[in-house]
Amino acid sequence: MIRSRILNRISAFRPFHTTVSRLNEKGSKAGSIFGNVTEATEDPNSVINQLSYQQESQAKKKEGEKKEGAQQGPIALTDKQLKNDVEIRKLMYPQAQTATELLLSPLKKQLYELSMSTGGYDPNKVLKLNGKQYKLKLTKKELDALEPSVYLKSYRIKSTSKKATLFLRMLRGMPLKDAITQCHFSPKIMARDVGEMLTRGIKQTQELGMNPETAHISQIWVGKDGYSQKRLDFKARGKVGIIEHKWVHVKAILKDIKSKERFLEEKRNRELARPVKHQLQSKPVHEIAPSSEYKW
């Protein structure tokens with residue numbers, strides 16, 4: 001009884017074994033158990049295949065095995081050959097792509113370039129392309145990546161996160177040159193370091209083709225940057241505490257004022273599109289004419 005059950009279970013795997021035997025009959029050219037559908041099409045003379053074969057042969061040589069039907073070819077490759085090979089260079093140094101190529105489809109890319117050449121991006125603008133009319137809608141992630149921006153980072157600043165947040169909250173959303181002026185006249189100790197960081201942003205905006213006069217601080221935040229030193233703080237009754245001298249760093253993102261104006265315009269349009277709320281009449285329900293207020 002038990003033997004018949006085991007034989008029945010083994011018989012369920014017979015199709016797989018027959019497929020493997022058919023694969024062995026076809027020879028080494030078959031790519032998989034599906035036969036000629038997925039035949040191997042790799043170039044045996046490519047440098048990547050030679051490297052993989054070199055690693056396999058070295059591993060089997062250590063085990064004392066001999067590979068039958070080994071592919072003959074140049075195995076010892078120098079560093080100069082590897083650096084000059086086209087396939088290796090494509091893997092090590094992939095071609096750089098712009099944000100429009102990574103995020104947008106070909107049609108969206110054409111519409112975005114057309115929108116920027118006709119006064120900037122506007123979700124309600126009607127664009128004409130190849131005799132058809134379109135409206136370009138971009139997500140917040142796509143807009144943040146496509147709009148030109150400058151990323152700034154300060155050096156280590158002797159301060160705490162709480163003190164820095166109170167100061168940086170004043171600069172958020174302010175024009176770039178106005179923020180630098182505020183840093184010059186602020187009594188805070190860290191204002192000088194933040195002012196130097198924002199002054200470097202003027203040169204970077206000019207390198208990217210942005211106008212420093214219209215640039216504003218879109219985002220600015222603070223992060224912890226370790227401790228400079230720790231000292232003992234002796235207390236009464238033999239107790240000891242630790243005094244930590246903290247350091248922070250400040251990061252900021254600069255954008256053009258047009259992005260801020262577009263954001264405020266979209267917010268204003270959303271508020272205007274909301275339905276107006278009417279106050280209910282101070283009458284009994286049965287005396288009010290049928291309307292949308294009472295639907296029961």
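## Exposure and positive phi

A residue counts as exposed when its relative accessible area is over 50%. In this predicted model, Arg237 has a relative accessible area of 83% and is therefore exposed. Arg237 sits in the loop between strand E4 (215–234) and E5. Its phi is near 60 degrees, a positive value in a residue other than glycine.

Asn130 also has a positive phi, near 55 degrees, and is likewise a residue other than glycine. The loop between strand E1 (126–129) and strand E2 (132–135) holds Asn130. With 70% relative accessibility, Asn130 counts as exposed.

## The largest pocket

The volume of the largest pocket is about 570 Å³. It is lined by 24 residues, and those closest to its centre are Gly120, Tyr121, Lys258, Ser259 and Arg262. Helix H7 (106–117), strand E5 (240–256) and H12 are the elements that each give two or more residues to this lining. H12 supplies the largest share, seven residues.

By class, the lining of the largest pocket consists of 10 charged, seven polar and seven nonpolar residues.

## Arg262

Arg262 belongs to helix H12 (residues 257–273) and is among the residues closest to the centre of the largest pocket. The cut-off for buried is under 20% relative accessible area; Arg262, at 16% relative accessibility, therefore counts as buried.

Leaving aside residues up to four places away in sequence, Arg262 touches Tyr121, Leu143 and Glu147.

Note on methods: Residues numbered from 1 in each chain as written. Predicted model: local features only at pLDDT ≥ 70, side-chain atom pairs only at ≥ 80, totals over all residues. Heavy atoms only, no water. Helix = DSSP H or I, 4+ residues; strand = E, 2+ residues; numbered from the N terminus. Buried < 20%, exposed > 50% of the residue type's maximum accessible area, 1.4 Å probe, protein only. Contact = heavy atoms within 4.5 Å. 1 Å grid on protein atoms, 1.4 Å probe; cavity = no way out; pocket = protein on both sides within 12 Å on 5 of 7 lines; lining within 4 Å. Points joined across faces, edges and corners; volume = space filled by probe spheres on them. Nonpolar A, V, L, I, M, F, W, Y, C, P; charged D, E, K, R; others polar.
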